[in-house]
Amino acid sequence: MSIAYLLVLLGLGVFGLAVWALFWAVDDGQYSDLEREGTRILDEE
Amino acid sequence: MSARAALHARWSLDEGAHEHVVFVAEGIRCAGCARSIERAVRTLPEVDAVHVNSVTARVSVDWRGGGGTDLGGILAAVEGAGFKPVPLAGEAAESEYQREHRASLKRFGLAALGMMQAMMYLGALYGASDIDASMTRLMGLAGMIIVTPVLFYSGMPFLKGAWRDITGRRLGMDVPVAAALLIAWAPSVVNTFRGTGEIYFDSVAMFIFFLTAGRFIEMSVRHRSLSTGEALGRSLPASVSRLMAGGATEKIDVRELAPGDRFLVPKGAVVAVDARIDAAGDVRERVALLDEALLTGESAAVTRREGELIRGGSVNLGAPLEFVAVKALGQSTLASIVALLERAQVARPGIARTADRVASWFAFSILVLAVVVAGLWMVVDPSRAFVAVLAVLVVTCPCALSLATPAALAAATLRLARLGVLVTRADAVERLARVDTVVFDKTGTLTATHTEIAQVRVFGAEHRERLLAIAAALERASDHPIAAAFTAHAEGATVAHSVREEAGLGLEGEVAGHVWRLGTRGFVAALARSQNVAPLVPADVDDSAVFLGDAAGLAAAFEIRAPLRGDAREAVAELRRQGLRIVIASGDSHAAVAYVAKALGVPHSQARGRLTPNDKLALVAELQASGRRVFMVGDGINDGPVLASADVSCAPGEGSAVAQSAADLLLLHEGLRALPRAVATSRTTLRVIRQNLGWSFAYNLAAVPLAALGFVSPWAAALGMSLSSLGVVLNARRIALGGHAS
């Protein structure tokens, strides 16, 4: 059962990481323009 | 301050070894525009990074200072790419729109992640009996660590809203919502530390997730309409290539473009003003492939043929094309629509106001009910009082109720835009659904803009064709709108000499050595009288006709008419099938109105001619006094007051008509068929709103007694609340899909 304690803590860590990643992505403007970035790969240079 | 320093101050440049600037580039419309700016700036030396956001039109550039590149060069490069750089005003640096979008997205995202993770931990406790107390406690603690930030970050707008309501001594829906959140959360925290008792963190997370989802949808809809207006204003190019007589082009400010100017629109660029395809120019293409998404919201390509009006704001998707400007920028459709949209966004729909009033009353009832339930359970079984009160508060959350109207109106606005009808006032949809009379202002709405000769009455011995040719020869030099009707009848051999025009009366000229007059009855007859000949004056011809005569008297009368628009008959028939009474109220001659009425099958009594704008106003007032709800369709140029006085009004979205009209709806395509479809859509919308309100009330009525009696656990209440909200949103989606309207 003791592995469960570790898993609970690990889950909390992953949750924190996911929230941090989301907030960082939103603040970085990654959700503000879903169109331009999607076509960037098609640029020639 | 040097010129350079002044420039840098105006553009709020960060100076240093690495320089950085952010500004708006007007004219960015799509990812392609963003790409061309990035390309243009990146070719400059010492530029480290350039980033263009195609939604907010922000351009951000980083470069190494002190080298060959300076701010002026960057701005010139952006201008060279065809966009107009504009400095950001301090407040606009981070737009309100962007702040709200980001905050809302973070709240929603946190709630979603939190709900998933809380379920993971606390779901394990449901029905589990072999978990030891310390593990239960750990799960509770983990849930608390996750849900507490969810409550105070994602749920903050509701807590703040409730606080505002309480301190303002008002009652809104935020009050019971916040009460439910806090009374579920607080005891759960206490129970977690005590190690016994129920914990409801998962229900709190689920509740907040659905609340923020609702807010997020609502915000997206609002931003969509807001950004339409903003995008419309920004979408115009700053300059256009005007074609010179010799075939060369020159770049001019779009504001300098005058009606009649020919200009070139490259592929992917925006047609700046209302225009037509240039038929005279060296064009291989006579068909334009356009994207009218800015005007209609529909991003599919549209074909417009030679002669059709192309609205400013359309994007040329096909080959580069030459256009002739029809209107200057200020009078173009786009400029007018931007102004109208701004007005539309200020007004709140009546039905939404009603919903707010209902919500306030509803919130009060819930709180009273919660207190009563708490009191009764305290007497019967104090241990179950808490669960019952919590279930009542959650189950009655009027998410469904508050979503019912906005979701339906948003879907209806979208659907109407696809049909080519732009809603400029928020409550127009609701009022359109209730109309029972349609009043057409004949000019320009039921009939085409060009004229044709409908009938020729010959009074003398001359042949009909000969008379038509003479009239055409006289009219050739004239730019009166009627002249176009005669063009088709011109004969090369028949030429008029020494033609002079008497303003408002007609034309006089010599054809084959013979003097003719063409114009009003009196003007033409005067020629014969001047020769002491009693002119032949037929009594049964309407005064609206154009007469032709010589010294011997009147020779012919031409009835000039604007033909019916191709889809007028079908549209009117469809409107009548929908149970609407059709009335024609026109300033035109009785004969012209009678002709249109007959062609459309409108009873004679419902077709009025020779009405002044005041007469029309009186007619609408009269109809309204007799209890009818009037839908006025007019071209709006002189009829602003009439359009405003009608219950709901519609105008063709053409230039000056739009600018001066007080219309609630704009027809963006020139099709009248959109009218019956719009009526059908609005009726569907009203029905859906009623269904939604009915459904949410029924759900609450059914669920409240169960919750009050203690049969519903908090998580089941949160689930039921969510499902009822989802049902309402999905029901509203039916309008956008538009099963009934097509």
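Which residue forms a salt bridge with B:Lys106? The model is predicted.

**View 1. A salt bridge links chain A to chain B.** The partner of B:Lys106 is A:Asp27. Their closest N and O atoms lie 2.9 Å apart.

**View 2. Helices H1 and H2 of chain A touch chain B.** Helix H1 spans residues 2-27 and helix H2 spans 36-39. Each gives two or more residues to this side of chain A. H1(A) gives the most, with 12 residues. By class, the side of chain A that touches chain B holds 12 nonpolar, 4 polar and 10 charged residues.

**View 3. Chain A and chain B in contact.** Chain A puts 26 residues into the contact, and chain B puts in 32. Together the chains bury about 2600 Å². Carbon and sulfur atoms carry 63% of that area.

**View 4. An open sheet of 5 strands lies in chain B.** The strand order is E6-E5-E7-E12-E8, with antiparallel pairing. E6 (249-253) and E8 (275-277) stand at the edges with a single partner strand each, so one side of each has no neighbour in the sheet. Neighbouring strands are turned by 45° against each other on average, direction ignored.

**View 5. Strands E5 and E7 of chain B pair up.** E5 covers residues 239-243 and E7 covers residues 262-265. The two run antiparallel and pair over 2 bridges. Here B:Arg242 stands opposite B:Phe263 of E7(B).

How values were computed:
Residues numbered from 1 in each chain as written. Chains lettered and ligands numbered in written order. Predicted model: local features only at pLDDT ≥ 70, side-chain atom pairs only at ≥ 80, totals over all residues. Heavy atoms only, no water. Pairing = 2+ DSSP bridges. Helix = DSSP H or I, 4+ residues; strand = E, 2+ residues; numbered from the N terminus. Axes fitted to C-alpha atoms, helices over the stretch in contact; angles between N-to-C directions. Contact = heavy atoms within 4.5 Å. Buried area = accessible area lost by both parts, 1.4 Å probe. Salt bridge = Lys/Arg side-chain N within 4 Å of Asp/Glu carboxyl O. Nonpolar A, V, L, I, M, F, W, Y, C, P; charged D, E, K, R; others polar.
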